[in-house]
Protein chains: 2
Amino acid sequence: MAASIPTRRRRRGHDPESVLSIAVGVFNERGYDGTSMEDLARALGVTKSAIYYHVPGKEQLLARALDRALDGLFEMVADERASAGPAIDRLEWVVRQSVRILVERLPYVTLLLRVRGNSGTEQAALERRREFDRFVSHLVKEAVSEGGIRADVDPALVTRLLFGSVNSITEWYQPARGGSADDLADALLTMTFGGLRVA
Amino acid sequence: MAASIPTRRRRRGHDPESVLSIAVGVFNERGYDGTSMEDLARALGVTKSAIYYHVPGKEQLLARALDRALDGLFEMVADERASAGPAIDRLEWVVRQSVRILVERLPYVTLLLRVRGNSGTEQAALERRREFDRFVSHLVKEAVSEGGIRADVDPALVTRLLFGSVNSITEWYQPARGGSADDLADALLTMTFGGLRVA
DNA sequence: GTGTTTACCGAACATTCGGTCAGTTGACAA
DNA sequence: TTGTCAACTGACCGAATGTTCGGTAAACAC
């Protein structure tokens, strides 16, 4: 007789990681403030109080999720490819990597982009995000002054419009149906760097 | 004397309109779900219960705000300039008008773009919004097949990236400091239609 | 077997939520 | 002077909120 069929032997069981990933999913569906611990409990298949065995509370869940997104962005900025070479090439690389991170860590970045600063946790995340934005903005300015980007546009404005397009990916991208991160980045760079209009 | 026509002398105080515009401001600062009626009361300088003298409740406030944004978009779509002429020109016009509406009705559109469908009110707004998106998406497809827009990009994808850029305006535009809606639209169309890169 | 740990439940906590209602105020008309 | 009425207050309601805590069944270690 087959000694031990290990299926369903072990009790299901959550850990902080699985709680986080499921919670972030619900946060993105209903919004952080619109999500109650009861909602999370239902999604996890446990009672409210069980959540507190794995994580300290709702806000910690948010903090961990936001860090996961921000850490990705800052790891990229630290890469030498973000600091060496022609600014236009660095910008293209940063845009491409941003799309990659956004797709890889989709739920976490989605959550980050919806943060409004309602708590200390959110304000801290906003400040880190602004630091990233400043980095990119500086890059665009360099690209303009190096002649890689047309000079008849305001660099700060272009940065915002460009990353508005990048960040919008969180609003509609579905990993199952959409193309790869590279395909996305190709389309985005074609439009913003090359232009849509047929000459 | 036919002076029975009531001279509209108003006492100091609020009306449904002023309550709405202040409420939408708070909704955009803290998020709809993150805003309590107590928060609104504080911003209005009255007690919670005074709000109910002017409006039926919190969700009605949201519904009215969302309609104000959506009505603007659908009025534009109904204009003949959205339906007649080369698709590339119609698209440019729609983008330009979208920017204009977004700037004119900034707080209302901002609120609309953050709706996730948590209630019947929100779901109804989402459905109207999707209808608008479908209109624009169709316009891009036409522009591709008419040869106005390069054919090596997926029309649906381009629509999303393009309007991701447009919609991002709500995330950072400040009427006091930023340029006019026309300036914004110029920069946006320069980037997306003409391309950033110097040839 | 016994003891320990893991993962959870159910009840309760104080607080806040959106909303109701009887009553008050003060500007105005008569 | 009196009455009207728009605009508002303050007390309150039941429900929902995030969180705590005592207890417990199952899995594991010995």
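**Reading the model**

A: One may begin with the nonpolar core, a set of buried Ala, Val, Leu, Ile, Met, Phe, Trp, Tyr and Cys residues joined through C-beta atoms within 7 Å. The largest nonpolar core here has 98 residues, and A:Val99 and B:Val99 have the most contacts inside it. This is a predicted model: local features need pLDDT of at least 70, side-chain atom pairs count only at pLDDT 80 or more, and totals for chains, interfaces and linings use all residues. Residues are numbered from 1 along each chain as its sequence is written, while chains are lettered from A and ligands numbered from 1 in the order in which they are written.

Q: With which residues is A:Val99 in contact, leaving aside its neighbours within four places in sequence?

A: Two residues are in contact if their C-beta atoms, placed from the backbone, lie within 7 Å. On that basis A:Val99 touches A:Val166, A:Ile169, A:Ala181, A:Leu184, A:Ala185 and A:Leu188.

Q: What rotation superposes chain B on chain A?

A: Two copies of a chain are related by a rotation about an axis and a shift along it. Here the rotation is 180 degrees, with 0.0 Å of shift along its axis and an RMSD of 0.1 Å, after least-squares superposition on the C-alpha atoms of residues with pLDDT of at least 70 in both copies. The two copies are therefore related as by a two-fold rotation axis. In chain B, the C-alpha of B:Gly195 is nearest the axis, 1.8 Å from it.

Q: Which residues come nearest to DNA strand C?

A: A residue is near a strand if its C-beta atom, placed from the backbone, lies within 6 Å of it. Of the 20 residues around DNA strand C, the nearest are A:Val46, A:Ser49, B:Ser36, B:Ser49 and B:Gly57.

Q: Is B:Tyr52 buried or exposed?

A: A residue is buried if 20 or more other C-beta atoms lie within 10 Å of its own, exposed if 12 or fewer, and partly exposed in between, with C-beta atoms placed from the backbone. B:Tyr52 counts as exposed because it has 12 C-beta neighbours inside 10 Å. B:Tyr52 belongs to helix H3 of chain B.

Key. Helix = DSSP H or I, 4+ residues; strand = E, 2+ residues; numbered from the N terminus.
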